[in-house]
Amino acid sequence: MALLRGLAPLLAAWAVLGFYGGGNCATREYILLDPEQEPCMVISLNATFEVSYSKNENDTGEVNITLPVDANVSGNCLNDTDQGQLRVEFGLNRDLFFSMNFTSNFSSTEAESSDIAWNLTWVEMHINTSDPLFNDSSTDLDVSLDAEVFDIASANKNGYKCSQEQMLVLNMTDGGNTTKNSTDSASIVMTFSDLSINLFNASEFTDCVPAPTPSPAPSSSRIVPIAVGAALAALIILVLISYIINTRMNKKKGYEQVEQ
């Protein structure tokens with residue numbers, strides 16, 4: 001019994017960490033089914049959320065969350081409307097959720113047309129600090145944080161893939177305006193990679209354009225020898241010029257003495 005009592009905190013921590021994904025950052029796949037139970041959205045990504053929130057003693061707490069495997073997936077397909085959403089609900093009481101929200105030109109295009117284009121317009125994360133993960137929060141925050149998304153889009157019903165790491169900052173909003181109340185606030189930094197979005201059972205995917213790699217600045221270990229070498233070369237040139245001028249002046253003086 002004493003052994004079990006000693007292991008109880010470890011088992012509880014393991015359960016919570018296992019449920020939230022813990023530190024095991026891996027690619028998760030979420031599938032949304034249509035009314036005929038056919039996949040209409042297949043989205044996979046490797047995502048972590050660094051949540052900052054108000055806590056006791058006017059301090060700020062931080063929690064890192066990864067999307068779990070064990071989650072409820074809901075939403076609405078994009079194959080029969082111009083608005084679509086995939087929502088991933090998790091937490092011990094399913095009171096946390098992450099959603100990806102899409103728009104398309106479906107309303108101005110025939111359903112069977114291959115010209116349908118879509119884009120990911122915004123992402124949302126809902127947190128509720130009554131969840132055990134936020135056990136030091138001073139108030140029960142029950143808020144949504146969101147961020148606009150740019151350049152994640154595709155045309156011709158194609159899918160989208162991007163392996164590179166990207167970052168979004170999600171803030172509390174109130175009618176489109178960022179909330180400024182520091183006593184009851186939260187912010188989230190979302191880092192994601194290995195993103196794959198398939199909304200129309202696509203066989204072709206649009207790849208993201210990698211960010212340009214900046215040219216490396218010359219290292220100080222190379223700059224110092226170059227500077228020293230240049231200084232020495234300049235010194236040698238000055239010495240040579242002085243030597244030539246000196247030699248000519250001495251020769252001229254010698255000629256003058258002979259003529260006298």
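Among contacts in the protein chain (heavy atoms within 4.5 Å) between residues at least 6 apart in sequence, 59% join residues at least 24 apart. The structure is a predicted model, in which local features need pLDDT of at least 70 and side-chain atom pairs count only at pLDDT 80 or more, while totals for chains, interfaces and linings use all residues. Residues are numbered from 1 along each chain as its sequence is written, and side-chain values use heavy atoms, with hydrogens and water left out.

The protein chain holds two helices and 14 strands; these are DSSP runs numbered from the N terminus, with helices (H or I) of at least four residues and strands (E) of at least two. Of its 260 residues, 35% are buried, where buried means under 20% relative accessible area, exposed over 50%, and partly exposed in between (1.4 Å probe, protein chains only).

Tyr30 stands opposite Ile43 in β2. In a regular strand, side chains alternate between the two faces of the sheet.

What, then, lies in the largest nonpolar core? This core is a set of buried Ala, Val, Leu, Ile, Met, Phe, Trp, Tyr and Cys residues joined through side-chain atoms within 4.5 Å, and it has 52 residues. Its largest share, eight residues, comes from β2. Those with the most contacts inside it include Phe102 and Ile197. Beyond its neighbours within four places in sequence, Ile197 is in contact with residues including Val42, Ile43, Phe102, Trp118 and Tyr160. In soluble globular proteins, nonpolar side chains tend to be buried together.

Not counting residues up to four places away in sequence, Leu199 touches Cys40, Met41, Leu78, Phe102 and Trp118. Leu199 and Tyr160 are 39 residues apart in sequence, yet their C-alpha atoms are 9.1 Å apart in space.

Methods:
Two strands pair if DSSP finds at least two bridges between them.
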